[in-house]
Amino acid sequence: MSIRGRIKDFWIEQRLFEQRALATVFIVAALTLVLLGRLVWLQVLRHDEYTDLAQGNRVRIEPQPAPRGIIYDRNGAILAENKPAYQLELVPEEVPDLKATLQGLARIGLIDADDIDDLRRIVRSRRPFDSVPIRLFLNDEDMACFAVNRFDFPGVDIRTRLARSYPQGELAVHALGYVGSISESDLARIDREQYAGTSTIGKVGVEAAFEEQLRGRNGRREIMVNARGRSVEKAGGLEAQLAAIPGDPGTDLMLTLDFEVQRVAEDAVRDQRAAIVALDPNNGDIIALVSRPGFDPNMFARGLTRPEFRTLNENPDQPLFNRALRGTYPPGSTIKPVVALAGLTYGVVQPTEPHFCAGWFSLPGSSHRFRDWRPRGHGTIDLRTAIAQSCDTYFYDISNKIGVRRLHDFMAEFGLGKPTGIDIGGEKAGILPSPDWKKTVFKKKAEQVWFPGETVIFGIGQGYMTSTPLQLAHMTAVLATRGKNYRPRLVRAMRDPETQKVTVLAPRPLPKPEAGKPEDWERVIDGMLAVMQGGTASRAAAGAPYSIAGKTGTAQVFTVAQNARYNEAAIADRLRDHAWFVAFAPVEAPKIALAVIVENGRSGSGTAAPIARKVLDAYLLRKFPSPPAAGERAVAATAEATEE
Amino acid sequence: MLREDVESATQRTLTRTTRLFGTLRLDGPLLAGLAAIALYGQFILFSSSGGDWESVLRGSIRLGLGAVLMLVLAQLRPGVLRRITPWLYLTGLVLLIIVDAIGYIGKGAQRWLDLGFVRFQPSEIMKIAVPMACAWLLRERPLPPDPRTSLLLAAVILVPTALTILQPDLGTGLLILMAGFIVMLLGGLALRYILLLAASGVAAATIGWFFLHDYQRQRVLTFLDPQADPLGAGYHIIQSTIAIGSGGLFGKGYLQGTQGQLDFLPERTTDFVFAVIGEELGLVGVMLLLGLYVFVTLRALFLASQMRDTFARLLSGSLAATFFVYVFINAGMVSGLLPVVGVPLPLVSYGGTSIVTLLAGFGILMSLYANRKLAA
């Protein structure tokens, strides 16, 4: 029968429908099982994995920065601390009109009108509920100004955070260092996790060298966040149950510096370019470390503006340059006592043996005259007078007799030509020349030859030789203690801020120089004593109730041609000689050894030695002249003018 | 004595209720199932809306409107439905074309027709009108349908489907397609035609790929590999599977779902509400809901099988099976089994007109059942 001719058979259709309905039931059952299977897979078999994922969604870990360790001087005066800093912050979503708000703040002088566009860009780049700092370091006046106008600025508020503060300002900045914004190069070497929640890092000095101890360990706090990253306390029936892991505050440091002596030293330098290192020869503790001019580390801690940095960086006096550790100068006559000790040790000279100084020295078979600083010479002198008068020809002769190799090795034992190993970074090694050194430094064969004349001037600290003020202070300390040798250091002890337990660090001895008999040391020290008593620096020692052993020196910046005379007045200030002075006191039981350099100071006895005397007085006699205030100084100057 | 009293009182109440339902032409078990699902939906809406009573109120009003429409449609006299079928279908088709035309001119998605006092989606009408039209076409013809009838039905189904997908509204389009196709299946379409249709469906999907909107293609790609774009298109699926999976066997507790309460779960009151249930009430809560859905589906299928009239039987059967298709597509998409298409979870998802359409369908089904002894 044809399909067209088929008629409806209700019973067959009923059965057909029932079959299909039954098939539908089976399909429904099968699909339900598929769904159930999927749900069991998700909710039972992989439940743990999804629980972790959900937990990761809702919990964000927020770092709680640890307070940085406090730095004290040796007597407990605070050199670096953390102070609450007040800043203006803005929550974008609470501010009805950002532009009007910023303009209003500019009108009352809290922000700079030129910064408005930048600030708007910064604010717009943040999440609407994050508080954005728009002005850092508010002073009392700013805070009062904002307090009066606060109702005009919904969404703007004052927040507090801890910021590094250096209460002594510029004082000892080159020892202390500073903290500054974490730079890209810092980021490359630090563990970022440790710096989450902080924006600063120790840059130089103690702040950098002891970064790890000072930093402490960040705490962490879990916070519940919603999908937009906003922190929420409660959502629906959901309450946060969150862990907080407390951090460890940074370790406090006790420095070897004596900030009162440091202050005297810095005041004594005034506005000259100079460096002073004073240390305790019995343990290497640095009492004062001065490099002038300096700068205010608080500028870095609060963030330097571009013009501020340019001013500092382009200043011809280089305030950022640490002269005490990184300034390498010809040591000049300051090394003569060590050369003398070398002469005695190797037996090339007898202490009382007379030496005739005619004002010049020539090597056998050479017509070249090595001149003495005193053109007419010192006449007949012995070792003591040679040191006291700083006779050059005496030391030309000794060093020529010792020979360059032995002299080099001897001086190296006093820490010259290599880093002293001070506990902060950045120090320079200087140069202690030798024939081997020449071979490594010069490329051309002809230049590698060591000339006998170079040995001659080596004996008076000229030629290739350079040293840092720190090295000369260290050398003087070794002389003072008759061979006791300690690594210079700035950090004396550490204190756990929680238990207040102080760990005192032991001084770190260095090998004693193998040099001479005890009486040889005394001969040399006697010579240094003579420097202060009738010698080159006797004026600086006048009236001292303790005995001082010292040595002056000048470092040539400008080389005087053969047969020409050094005409001081004719050369520019920057080309004048650097003035050196090294000393220790009291001679019998030394408590302090120091080195002073005044750049272009011309005369060690005239410029450097008086500064050293003030430092010695301050440390040994606790004599602290009140620093002349700016006004006072001006008054004094006027008074002098009137007298004339 | 006392117990007998109580028992007889219970008996009397039950009898009275049954009689009342009979008078109102409602099916008790089906109504109970629907009411249970709707209540469950309002319960979970309170949590998914973040404890917002206003949402619950709005949801209840919408449910009430649907219930009233269901009650009204259940009272339809026999024959009325059959008579209005062609007109309903043609009206729906014209409205769909108008909507598409407006959308084309306005260069954008267009699903709504704004009548001034109310906005409604013609595609929603088609969810009912298409199975009605198919059942209407088959009611006088011998079953199983011959090839010519099958082709005619295919056209009746595919034209509104295509118009809806072009709006673009893939979810509703698929539901219209399924509603019509199920009528054909229940009408006894031979297995070989079913296979042929499935094959041509695959071919159509392949060709259709080139006509899909970018965002629709993206959805399919995302379904195939959600991790490829975890913050973009894949975000929905990833977050909803995390929500369901982290719920475990018993869930995190009512109002305690972190994914939902902290907004990680998108569309959590509407298309993705299933994930909120999975997270807060766990596998147990999800199974309870699925159980209710299966119960309603099977009850509706049973009612359909009791009907003596082809039109009534096919239409009712299709409405019942389509209801389950909703559930499967939505649950499958939220749990990551199917790509994301905009299909709501019936009677539970908040908003949209689907609640009204669904309850209208059940009203029609109840009317047909009440008149089962007569020709509809």
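**Notes on a predicted two-chain model**

1. Let's start with one residue: Ile37(B) is found in helix H2 of chain B, which covers residues 28-48. Please keep in mind as you read that this is a predicted model. Is Ile37(B) buried or exposed? Ile37(B) counts as buried, because 20 C-beta neighbours lie inside 10 Å, and the cut-off for being buried is 20 or more.

2. Now look at what surrounds this residue. Leaving aside residues up to four places away in sequence, Ile37(B) touches Leu292(B), Tyr293(B), Val296(B), Leu347(B) and Val348(B).

3. Next, step back to the whole of chain B. Chain B contains 14 helices and two strands. It has 376 residues, and 51% of them count as buried. If you take the contacts in chain B with a separation of 6 or more, 72% of them come from residues 24 or more positions apart.

4. Helix H5 (residues 122-138) and helix H6 (residues 147-165) of chain B pack with their axes 10 Å apart, at an angle of about 175 degrees. On the H5(B) side, the contact is made by Ser123(B), Met126(B), Val130(B), Ala133(B), Cys134(B) and Leu137(B). H6(B) brings Leu152(B), Leu153(B), Val156(B), Ile157(B), Pro160(B) and Thr164(B).

5. The axes of helix H3 (residues 98-107) and helix H4 (residues 116-125) of chain A come within 10 Å and cross at roughly 135 degrees, which makes H3(A) oblique to H4(A). Their crossing is right-handed. From H3(A), Leu98(A), Lys99(A), Leu102(A), Gln103(A) and Ala106(A) meet Ile116(A), Leu119(A), Arg120(A) and Val123(A) of H4(A). Here the contact residues divide into six nonpolar, one polar and two charged.

6. Staying in chain A, have a look at strand S12 (residues 252-255), which is covered on both faces. Asp252(A) and Met254(A) lie on one side, Leu253(A) and Leu255(A) on the other, and all are buried. Which strands does S12(A) pair with? One is strand S2 (residues 71-72) of chain A, which runs parallel to S12(A) and is joined to it by two bridges. In this pairing, Ile71(A) has Leu253(A) as its bridge partner. Another is strand S19 (residues 491-495) of chain A, paired with S12(A) in the antiparallel sense over four bridges. There, Leu255(A) stands opposite Val491(A).

7. Finally, turn to where the chains meet. Contacts link 48 residues of chain B with 38 residues of chain A. Helices H7 (170-186), H10 (235-247), H11 (258-261), H12 (273-305) and H13 (310-334) of chain B each supply at least two residues of the side that touches chain A. Which helix gives the most to this side of chain B? That is H12(B), with 11 residues. The residues on this side of chain B divide into 24 nonpolar, 21 polar and three charged.

Conventions
Residues numbered from 1 in each chain as written. Chains lettered and ligands numbered in written order. Predicted model: local features only at pLDDT ≥ 70, side-chain atom pairs only at ≥ 80, totals over all residues. Contact = placed C-beta atoms within 7 Å. Nonpolar A, V, L, I, M, F, W, Y, C, P; charged D, E, K, R; others polar. Axes fitted to C-alpha atoms, helices over the stretch in contact; angles between N-to-C directions. Parallel < 35°, antiparallel > 145°, perpendicular 65-115°, else oblique. Left-handed = near helix turned anticlockwise from the far one by under 90°. Buried ≥ 20, exposed ≤ 12 C-beta atoms within 10 Å, placed from the backbone. Pairing = 2+ DSSP bridges.
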